[in-house]
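Me: I'm new to reading protein models. Could you walk me through a few features, one at a time?

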Amino acid sequence: MADMRPRFWEMPLAALNRDEWEALCDGCGKCCLNKLEDEETGEVALTRVACRLLDCASARCSSYADRHDHVPECILLTPTSIPRHLYWLPATCAYRLRHLGHPLPDWHPLLTGDPESPHRAGAGVRGLAIPETEVPEDEWEDHIIEEPIP
């Protein structure tokens with residue numbers, strides 16, 4: 001991650017290199033929570049039921065590099081794909097915020113220098129997420145949570 005420019009997170013998303021793009025993620029784990037979409041309204045509800053690859057203790061993907069081999073429906077965010085995914089991206093997501101021209105939250109690791117800061121601020125899913133292997137899909141509705149966390 002040595003190929004990062006000073007304050008790169010203030011640049012347009014399309015100007016970021018691969019290292020900068022990856023570093024923009026705050027590591028909260030919210031994008032890895034399963035969502036339920038109302039077919040009639042299109043509203044998306046966030047659940048605390050995590051993708052089977054999310055390590056709920058660390059809030060990190062256990063197989064990030066090859067996640068699409070295990071979870072083909074896992075979304076690949078790019079500067080051009082963000083507009084299609086805005087409707088479900090978490091409210092505090094750095095990609096969402098920067099796409100909309102908003103600053104990063106004060107607790108973002110790029111501002112604090114601490115990768116634990118989202119969890120200390122209560123913005124991460126540690127202690128909240130439960131693995132999808134433990135909850136039948138027809139019970140996910142019982143695990144809807146409000147966004148943003150907290």
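This is a predicted model: local features need pLDDT of at least 70, side-chain atom pairs count only at pLDDT 80 or more; totals for chains, interfaces and linings use all residues.

Me: Let's start with pockets. What volume does the largest pocket have?

Reply: About 1300 Å³. Its lining is made up of 49 residues, and the ones nearest the centre are Cys-31, Cys-32, Arg-67, Cys-74 and Ile-75.

Me: Which elements give two or more residues to that lining?

Reply: Those are α1 (18-24), β1 (33-37), β4 (60-61), α2 (67-70), α4 (94-99) and α5 (109-112). The top contributor is α1, with 5 residues.

Me: And how do the lining residues of the largest pocket divide into nonpolar, polar and charged?

Reply: You get 32 nonpolar, 7 polar and 10 charged residues.

Me: What about the second largest pocket: what is its volume?

Reply: That one comes to about 220 Å³. It is lined by 15 residues, with Val-44, Leu-46, Trp-88, Leu-89 and Glu-147 closest to its centre. Both β2 (44-50) and β6 (144-145) supply at least two lining residues, and β2 has the largest share, with 3. By type, this lining has 11 nonpolar residues, no polar ones and 4 charged ones.

Me: Now a single residue. Is Ile-130 buried or exposed?

Reply: Buried, because its relative accessibility is 14% and the cut-off for buried is under 20%. You'll find Ile-130 in strand β5, which covers residues 130-131.

Me: Which residues does Ile-130 touch, leaving out those up to four places away in sequence?

Reply: Ile-130 touches Arg-48, Val-49, Ala-50, Cys-56, Val-135 and His-143. Here's another way to look at the fold: Ile-130 and Leu-33 are 97 residues apart along the chain, yet their C-alpha atoms are separated by 8.9 Å.

Me: Last topic, the cysteines. How many disulfides are there in the whole structure?

Reply: The general idea is that a disulfide is a covalent bond between the sulfur atoms of two cysteines. A search of the whole structure here finds 0. Take Cys-51: it is in no disulfide, and the nearest cysteine sulfur, in Cys-32, is 6.1 Å away.

Definitions and conventions: Residues are numbered from 1 along each chain as its sequence is written. Side-chain values use heavy atoms; hydrogens and water are left out. Helices (H or I, at least four residues) and strands (E, at least two) are DSSP runs, numbered from the N terminus. Buried means under 20% relative accessible area, exposed over 50%, partly exposed in between (1.4 Å probe, protein chains only). Contact means heavy atoms within 4.5 Å. On a 1 Å grid over the protein atoms alone, a cavity is a set of points where a 1.4 Å probe fits but cannot get out, and a pocket is an open set with protein on both sides within 12 Å along at least five of seven lines; lining residues have an atom within 4 Å of a point. Grid points are joined across faces, edges and corners, and a volume is the space filled by probe spheres set on the points. Ala, Val, Leu, Ile, Met, Phe, Trp, Tyr, Cys and Pro count as nonpolar, Asp, Glu, Lys and Arg as charged, and the others, Gly among them, as polar. A disulfide is a pair of cysteine sulfur atoms within 2.5 Å.
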